[in-house]
Amino acid sequence: MANEVCFRNMDLDQPWLLEQYKSRGGYEVLTKILTEKMTQDEVIELVKESGLRGRGGAGFPAGLKWSFINRNSEASRYVVCNSDEGEPGTFKDRDILRYNPHQLIEGMIICGFAIDAAAGYNYIRGEFWEPYLRFEAALEEARAAGLLGEDILGSGFNYDVHVHLGAGAYVCGEESALLESIEGKKGQPRFKPPFPAHYGLYGGPTVINNTETLSSVPVLLKNGGDWFKGLGVENSAGTKLFAVSGAVKNPGVFEVPMGIPFSELLELAGGMKDGKKLKAVIPGGCSAPVIPADEIMELNMDYDSIAKAGSMLGSGAVVVIDDSVCMVKLLERMSYFYHEESCGQCTPCREGTGWLYRIVSRIERGEGRQEDLDLLTSVGKNIAGRTVCALGDAAVMPVNGMLKHFRDEFQYHIDNKKCLADS
Amino acid sequence: MTEDSMVTIEVDGQELKAKAGAMLIDVADQAGIDIPRFCYHNKLSVSANCRMCLIEVEKVPKPIPACATSVMDGMKVYTKSPMALAAQKGTMEFLLINHPLDCPVCDQGGECELQDQSLAYGSDVARFVEKKRLVPKKYIGPLVETNFNRCIHCTRCVRFSAEIAGMREMGSTGRGEYMKIGTYVERTIDSELSGNLIDICPVGSLTSKPYRYQARAWELTQSDSVAPHDAVGSNIHIHVRNNRVMRVHPKANEAVNECWISDRDRFSYEGLYSEDRLTSPMIKENGRWVETDWETALQQVADGLKEMGAGTGALLSPSATVEELYLAQKLVRSLGSDNIDFRVRQSDFRGGEPALPWLGLGIDEIEAVDAVLVIGANPRKDQPILGHRLRKAALNGASVCYLNPLEYDLNYHAEQLLSAPANMADDLAAVAKAVGATGAIIDDAEVKAQHQSVAEQLKQAGSALVLLGNLASAHPDYSILSALAAEVAKASGAKIGFIGEAANSTGARLVAAMPTDGLNAQSMLEQPCKGYLLLGLEPDRDFWNPTQAQTAFKQAEFVVALTAYRSASLEAAADVLLPMAGFAETSGTYVNGDGTWQSFAGAVQPMGEARPAWKILRVMGNLLDADGFDQNSSQDVLEQARNSADGRQLDNSVTADLGQERRLNGSGLTRIGDVPIYATDALVRRAPALQKTADAISAAIRINPGEAAKAGLADGDRATVIQEGNLATMPVEIDPGVAGGSVRVCAALAGSETLGGQFGEVTLEKA
Ligand SMILES: Cc1cc2nc3c(=O)[nH]c(=O)nc-3n(C[C@H](O)[C@H](O)[C@H](O)COP(=O)(O)O)c2cc1C
Ligand code: SF4
Ligand code: FES
């Protein structure tokens with residue numbers, strides 16, 4: 001394991017406490033920035049140099065995102081952390097909130113300084129009650145220590161971080177829906193452009209980053225961009241938290257270098273459970289197309305390698321599927337999720353996700369028709385790329401992945417009105 | 001606009017020039033290139049959610065919505081490329097899978113955007129074999145019918161409610177397929193503009209309740225017309241089948257009503273078919289009313305009027321057309337009488353109002369002003385479209401202040417100075433003093449913070465406006481109020497405007513439907529005339545002091561009424577009733593508040609024996625051997641009327657004396673007799689659906705808690721209002737929005753016709 005970044009103090013007794021975080025050099029970077037008067041541009045440049053990419057799913061370069069902010073805007077600027085962690089299979093940000101909340105806070109303050117923000121908001125998944133309490137406690141500690149609030153560390157910089165608890169909508173993890181939700185409106189994605197960097201929270205320029213992204217910042221600034229780059233591989237700097245679940249012996253969150261072979265990650269998770277055979281892997285959360293066993297066993301876990309295999313590193317949720325699983329049933333469950341979670345504002349997603357689910361469900365029940373396979377592809381085509389936000393695409397990708405690699409199972413269902421996996 | 005703010009784009013191979021930043025869909029619309037759409041509406045914010053307008057832009061890998069894409073120089077757009085068409089067809093299929101396709105029983109059938117687009121973009125094979133979504137309908141009031149099964153979730157209604165009606169009455173709840181449009185908690189839609197939801201909804205999800213199942217769109221013939229209820233003169237389309245008005249729709253006119261109309265303008269047509277329509281001439285014989293033929297009736301009228309001669313008083317409705325008013329004044333003047341007036345809701349004729357009051361600026365210019373002081377008016381309900389323009393001004397950043405005896409429920413931020421009727425002049429004088437004016441009343445005024453604040457806003461504004469409305473013109477000290485308003489305007493550099501009470505208040509002045517040296521509306525009733533000619537008025541509802549009016553008519557030797565209805569009060573007052581054409585049944589012209597002459601043709605034949613009033617008046621002229629009654633058409637009448645108006649200019653300059661005696665002294669309780677939105681005229685009062693709305697209030701004693709306590713009254717009690725010895729008993733409603741020292745007892749409602757003037761001292765006694 002390589003607990004170098006987000007999990008750097010995992011070995012401590014109570015790493016979530018301020019004093020313990022400080023014992024590992026916590027808040028040193030922030031202090032340096034604020035007292036040695038580093039400029040905002042310098043900070044942004046360093047984040048850019050490190051090659052840090054967004055860990056929320058899309059992998060957008062973090063430093064570049066920060067650099068879009070117009071610090072002279074009339075409207076106030078904001079930092080928003082996305083701890084909604086809604087992508088099925090993902091549970092890494094929860095561990096940051098539970099075990100290393102101060103590092104996230106430090107990252108949010110640094111980002112706030114870099115863009116001269118008025119305030120920061122952390123949008124935490126509603127079900128994360130215990131992590132929420134931990135995070136709130138950490139905020140209190142930081143405030144008491146003069147790390148948040150007025151005139152932080154005597155620097156003249158005023159900034160605080162507030163928590164907004166979600167209420168159980170996947171779509172609120174989408175950045176613009178998340179902003180609407182913080183504003184107290186119905187959680188529906190906004191049409192983009194304008195992007196949050198220009199028109200974000202309350203209309204002000206806003207940086208919105210994933211929990212892991214922001215938590216990586218203090219460490220990479222401390223150790224330097226080259227160090228961070230050196231942890232990973234070309235185009236995929238640093239380490240990554242993978243949330244491994246499914247048919248493995250020791251499911252959990254693992255911090256490993258980017259580019260680690262999948263086979264090693266599987267080993268870290270204790271290998272296959274009960275001697276089951278690996279059938280396939282969803283490498284980056286439910287929205288990432290599935291990759292069959294033989295292919296994934298040859299792949300490294302970094303943005304480019306996974307993309308080359310036709311999938312995405314996504315949120316780093318690795319779902320390990322064994323050969324007792326019926327892919328039709330699995331897809332039915334996933335399609336149900338998108339159908340249930342569509343916000344409903346745009347036509348293709350509102351109407352299309354339900355349709356996809358019903359077709360898959362029909363096939364699953366043994367009521368499928370031959371033309372349903374083409375219908376799935378065609379309905380998917382009418383959704384993908386035509387929606388307001390990427391939830392529509394996310395609903396289509398698993399369908400396409402399954403049909404590409406496991407079409408025979410669907411065909412079997414249609415022909416025999418039962419499962420290939422059962423027989 | 002400078003050249004460099006223009007860009008050149010290419011749409012389907014056609015080169016177009018456009019303003020930089022304009023939305024592609026607007027640019028295409030202007031060039032006549034059709035891009036299908038549902039959610040887009042050029043008066044609403046862009047939501048880009050229906051995805052029907054997806055088009056292809058060169059170098060963009062995915063289709064993008066034309067409604068949310070701004071043009072950029074050199075952009076190449078394809079609205080009908082394979083990529084664009086595939087996207088549009090895909091969206092159409094999605095929209096239809098859960099749509100009931102119940103076009104045969106849907107009122108929108110034939111004029112449905114979904115139906116039209118599905119012909120162009122739909123497929124004739126259904127690939128969706130599942131059960132369709134079912135959404136229960138909801139009761140949202142007497143005007144708008146819902147059928148949410150047909151909803152396509154475009155959210156136009158939601159945006160309309162929030163952005164135009166300003167009430168957030170509609171919203172969406174639920175996610176995904178279960179997303180529902182509605183009112184959240186079951187309740188009615190009460191906006192005075194709610195009928196526009198019917199037009200805004202592209203499908204049959206929100207339709208007209210009164211029109212429900214009445215006709216199919218293709219059976220209707222359409223005529224252009226002008227709404228008859230307020231000084232806006234909203235442009236409308238009247239839809240007719242078999243000589244019956246089936247419905248009224250807005251006709252877009254950016255300078256007047258944009259694409260909206262008020263509910264009053266949309267649904268009042270129902271009043272045409274009221275059971276008490278007068279369909280043949282009637283005469284009173286030995287105290288009994290009998291139908292007769294036109295010849296007999298007109299002969300009787302001619303004889304009667306000849307007899308009355310110079311003793312005739314003519315009281316004319318300010319909602320009558322230019323042609324009617326012109327001929328009526330001409331007729332009466334030919335009898336040697338100058339007793340002519342349309343100002344039936346005015347009581348102060350001391351000359352405080354300008355020679356030819358008007359709005360002072362174009363209706364469409366209101367939204368650009370920076371500050372407004374509204375005195376004695378509630379445009380939101382009195383002239384809903386004007387209210388909407390004021391709201392736009394407020395949303396654009398204008399500061400809007402009100403000075404009224406009633407606090408109004410406004411849909412934007414405004415400062416409201418609440419002032420008892422007797423104190424309005426003092427408050428206005430204080431504002432005048434604060435802006436630096438001097439003179440009687442003003443010098444003695446006590447300037448408080450709120451007056452200072454109004455004054456500052458007026459003075460600082462680049463363009464400011466002082467507006468007087470219906471309550472001001474009915475005020476017993478109207479002369480003083482308008483003189484003070486003029487001082488405020490002069491000292492602050494603001495424009496002054498008079499809204500005008502009815503559809504043709506401005507037109508009536510232009511054609512001199514008022515005395516030069518004869519009696520005015522007030523004195524004609526105070527010192528009863530020998531005989532009267534009434535045009536389009538109801539004695540118990542349309543006068544400032546209905547008791548006085550009814551008494552005067554009863555005393556008169558001869559009263560002829562041209563009217564569309566026979567009501568008890570008309571039967572009591574008149575000797576002859578002549579059935580005149582109602583709204584939509586006659587051609588005519590209105591001059592709206594900003595001085596725009598708007599003519600219209602009749603849309604249907606008058607009911608029964610009724611005739612357009614201009615024709616009746618012309619024949620009367622002939623029977624009386626008067627000169628100049630040989631017009632062949634309403635066109636001819638209009639031409640003469642226009643010529644007669646030539647020398648008259650709209651003129652808001654006020655020359656009144658500030659030192660005049662104050663008629664309201666503020667001792668005791670003063671009645672505020674405003675006319676509620678759905679009681680303004682005979683047609684509206686008879687429109688059943690409007691009468692079921694929340695705004696159709698009934699007569700009550702509305703009083704604030706403090707005054708109620710003083711009078712020993714509680715909410716729900718019954719009490720008697722006593723005004724100049726006249727009595728009326730009605731329920732008590734506690735309303736904190738009524739100024740202290742006053743009590744709101746509306747005029748023009750059943751139950752208030754036995755009282756006196758719209759303003760005046762009253763006492764209350766628990767019944
Ligand atoms: C439907 C949907 C759900 C999403 N959910 C999450 C989420 O739970 N957490 C997250 O960090 N990003 C989520 N995202 C991605 C965010 O929109 C956004 O890209 C991300 O927060 C940016 O942060 P990053 O650049 O640090 O990755 C979601 C996106 C979509 C389309
Ligand atoms: S794609 Fe789905 S979730 Fe995203 S805006 Fe459209 S309906 Fe809402
Ligand atoms: S009209 Fe453009 S998305 Fe609806």
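A disulfide is a pair of cysteine sulfur atoms within 2.5 Å. This is a predicted model, in which local features need pLDDT of at least 70, side-chain atom pairs count only at pLDDT 80 or more, and totals for chains, interfaces and linings use all residues. Residues are numbered from 1 along each chain as its sequence is written, chains are lettered from A and ligands numbered from 1 in the order in which they are written, and side-chain values use heavy atoms, leaving out hydrogens and water.

View 1. A:Cys172 is in none, as the nearest cysteine sulfur, from A:Cys343, sits 9.1 Å away. With a relative accessible area of 7%, A:Cys172 is buried (under 20% relative accessible area; exposed is over 50%, partly exposed in between; 1.4 Å probe, protein chains only). B:Cys106 is in no disulfide either, and the sulfur of B:Cys112, the nearest, is 6.2 Å away. B:Cys106 is buried too, at 5%.

**View 2. Helices H5 and H9 of chain A.** The axes (lines fitted to C-alpha atoms over the stretch in contact) of H5 (residues 92–99) and H9 (residues 211–223) come within 9 Å and cross at roughly 45°. Helices here are DSSP runs (H or I, at least four residues), numbered from the N terminus. Contact (heavy atoms within 4.5 Å) involves A:Lys92, A:Asp93, A:Ile96 and A:Leu97 from H5(A), with A:Thr211, A:Glu212 and A:Ser215 from H9(A).

**View 3. Around ligand 2.** Of 13 residues around ligand 2 (a heavy atom within 4 Å), A:Cys343, A:Cys346, A:Cys349, A:Thr387 and A:Cys389 come nearest.

Conventions: Axes are lines fitted to C-alpha atoms, for helices over the stretch in contact, and angles run from 0 to 180 degrees between N-to-C directions. Helices (H or I, at least four residues) and strands (E, at least two) are DSSP runs, numbered from the N terminus.
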